[in-house]
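Please look over the sequence and the model below.

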Amino acid sequence: MSGPLNVVVLVKQVPDSGAPRSLSATDATVDRESGDLVVNEMDEYAIEEALRLTKDRGGQVTLLTMGPVQAAQSIRKALQMGADAAVHITDEALHGSCAVKTSLVLAAALRTLEWDLVICGAESTDGQLAVLPAMLSQRLGIPALTGARKLAIDDSVDGAAETASAGCVGRIERQTETGYQLVQAELPAIVSVWDTINEPRYPTFRDIMAAKSKPISTLCLADLGIASSDVGAAGATSRVDEAVPRPPRQAGVIVEGDERAGTKLVEFLATRRLV
Amino acid sequence: MAASSVLVLVEHAAGTLNKATADLLTAARGLGEPIAVLLDTPDADEALIAELGKLGVDAVLRLRHPRVAKYVATPAAKALAHLVAQRQPAAVLVAATADGKEIAGRLAVLTESGLLTDVTDLNSEGAAVQEIFAGSTIVRSHVTVGTPIYAVRTGAISPDAITPQPTTPTVEEFTVDFSTDGVSHTLEDAQILEEVVEPKGSRPDLADAAVVVAGGRGVGSAAGFELLEQFADALGGAVGASRAATDGGLYPHQFQVGQTGKTVSPQLYIACGISGAIQHRAGMQTAHTIVVINSDPNSPIFEIADFGIVGDLHTVIPQALVALRERAGH
Ligand SMILES: Cc1cc2nc3c(=O)[nH]c(=O)nc-3n(C[C@H](O)[C@H](O)[C@H](O)COP(=O)(O)OP(=O)(O)OC[C@H]3O[C@@H](n4cnc5c(N)ncnc54)[C@H](O)[C@@H]3O)c2cc1C
Ligand SMILES: Nc1ncnc2c1ncn2[C@@H]1O[C@H](COP(=O)(O)O)[C@@H](O)[C@H]1O
């Protein structure tokens, strides 16, 4: 397969991680009423990677989101980067879905689309679970190349271990605590990316105008053959019992305009037995 | 009545246990009787068993298989799923590392169970504490479906009040049917071709250093970070950096602290030229003592400082170094 590569990018709308965030007081789901909603930052790197891969070889880039009606705004924004189209899974019954059920829904939606590669962010800034790619891999029966800081698609399977089917392989540098692992799998596959992988582009005026007319199709649970009772708060596999703000730290000593500040710092450390 | 068992996935590398394993065992003891699940290569010796004995482990389930080191997360998830079906444990605990979370996610799908990630505390009923939104909100949750799976943030669990008695664990070997689809790997497998450890120098590991000296954009240049390294060395600490510093090429990315970097919880964190964005605080606000050096008194980082200096780090740090040397002198 040296021809075009069709890529689906998973994007999620999240509250801005730079502003104060909270859980809704009524049902302990992420509060989407207050604060700005943005495209999950890591997903912008996923979009950029999809655009980079398809630039030379061609192929469609489709964005896929599961989220409330207002997530459409973030999808439109994300389309400005250059993807061709988007699919928005939205249904009242999805409110309060846990990660396990989110993966069920996204997997069902992915089965309705045609792709060689799924790319997503390594983690979302609200849930920060970093589990979705592995769950989708398990549900779809395809390999996951997770936590990539570098991705290459290789058409020549020569030298690749265990290539049973005719296809190409994806190879990543998988970021680890101590360095990286070189990891490889055959396509179709799902790849998750860190923000070290590329530099997402800023849309030009032309991109912004072009995005206005790009198609966004919607899917509801009935389209996917999933029962309402199986998802959302009703079908959740875990429940939040309580959410409280972190208690503030005790105010400390502030030294200003003091020529002996460096010395005082060491004296402070000594009183706390830190030196 | 026998207490219910809790499966603990042993964290190990290069023939030794990782610190995380002791934390996982501690967390597991609150829930039931821990059973250590040890996945290793076929040539593995008994050294790890002895180390587990020192941590008070009574029972070890061991799988020795070449797949374990060959593929990312899939062999471990399948092994655990096999044990969950066979033994019906009260819970499964893994470390909340990249690998651990991936294993947990797969296991949740394979066993149709709920999972909670980045757990910082667990009570005897299985209620888990998690810190969300960059640590600004603390939630208590529980799993309502299947066998609860917890990915536990290591370093966060407070150690056992009583040191467990050393034991000689009983070891039971088990095997798993890694079903193949006519190929030597299963469809979900991603193969590890090579493991590359990047040089980190002689300083302690950022993740579990007692002292972290961190620099931000205010450090100004890569050369400025040399001053921070001297400061860290004088305190026996590690060097960390804000994202502005790593993005700007002032310091390597692997040392980034924060939401998209490492989470640290040292005895002492010294933030130099860091403004204190929510995403940075996410990685360091549980430090025991926080010291701030910043020239702008309005920087939000001062809100969490135990000792804050409004001043230029390029003059404050050299003076502190002199003071440290004088102390070392007597
Ligand atoms: C999704 C997302 C994830 C993110 N993840 C992370 C993360 O993991 N870690 C992280 O750190 N950031 C993260 N960020 C970025 C974060 O929002 C901030 O932009 C970043 O932390 C700022 O770094 P800084 O404090 O070094 O730089 P700045 O905000 O520019 O602050 C520099 C500070 O240095 C001070 N200063 C300047 N000169 C001197 C001097 N001579 N002496 C003393 N002080 C001086 C200034 O007063 C200022 O306060 C993330 C952002 C997003 C959107
Ligand atoms: N509701 C969603 N819709 C689309 N993509 C999602 C959704 N939730 C998570 N993702 C994708 O999965 C990645 C990891 O998310 P998480 O496992 O929640 O940390 C994100 O960066 C997204 O790419």
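**From a covered helix to the interface**

Helix α1 (residues 41-57) of chain A is mostly covered, with 12 of its 17 residues buried. Buried means under 20% relative accessible area, exposed means over 50%, and partly exposed lies in between (1.4 Å probe, protein chains only). Helices (H or I, at least four residues) and strands (E, at least two) are DSSP runs, numbered from the N terminus. Among the buried residues of α1(A) are M42(A), Y45(A), I47(A), L51(A) and R57(A). Just after α1(A) comes G58(A), with a positive phi of about 80°.

This is a predicted model: local features need pLDDT of at least 70, side-chain atom pairs count only at pLDDT 80 or more, and totals for chains, interfaces and linings use all residues. Residues are numbered from 1 along each chain as its sequence is written, chains are lettered from A and ligands numbered from 1 in the order in which they are written, and side-chain values use heavy atoms, with hydrogens and water left out.

Stay in chain A for one more helix. T102(A) sits in helix α3 (residues 99-111). T102(A) counts as buried because its relative accessibility is 16%. Beyond its neighbours within four places in sequence, T102(A) is in contact (heavy atoms within 4.5 Å) with M66(A), S97(A) and L132(A).

Now turn to the interface. Chain A puts 86 residues into the contact and chain B puts in 83 residues. The area buried between them is about 7,200 Å², and carbon and sulfur atoms give 54% of it. Buried area is the accessible area (1.4 Å probe) that two parts lose on being put together, summed over both.

The rule finds 8 salt bridges across this interface. A salt bridge needs a side-chain nitrogen of Lys or Arg within 4 Å of a carboxyl oxygen of Asp or Glu. One of them joins R246(A) to E131(B), at 3.0 Å from N to O. On the side of chain A that touches chain B, helix α8 (residues 261-271) gives the most, with 9 residues.

Strands meet here too. Strand β13 (residues 253-256) of chain A pairs with strand β17 (residues 307-310) of chain B in the parallel sense, over 4 bridges. Two strands pair if DSSP finds at least two bridges between them. I254(A) stands opposite G308(B) in β17(B).

Finish in chain B. Q259(B) lies in the loop between α6 (243-247) and β15 (268-272). Q259(B) is buried because its relative accessible area is 9%. Leaving aside neighbours within four places in sequence, its contacts include S17(A), R21(A) and E123(A), as well as A134(B) and Q279(B).
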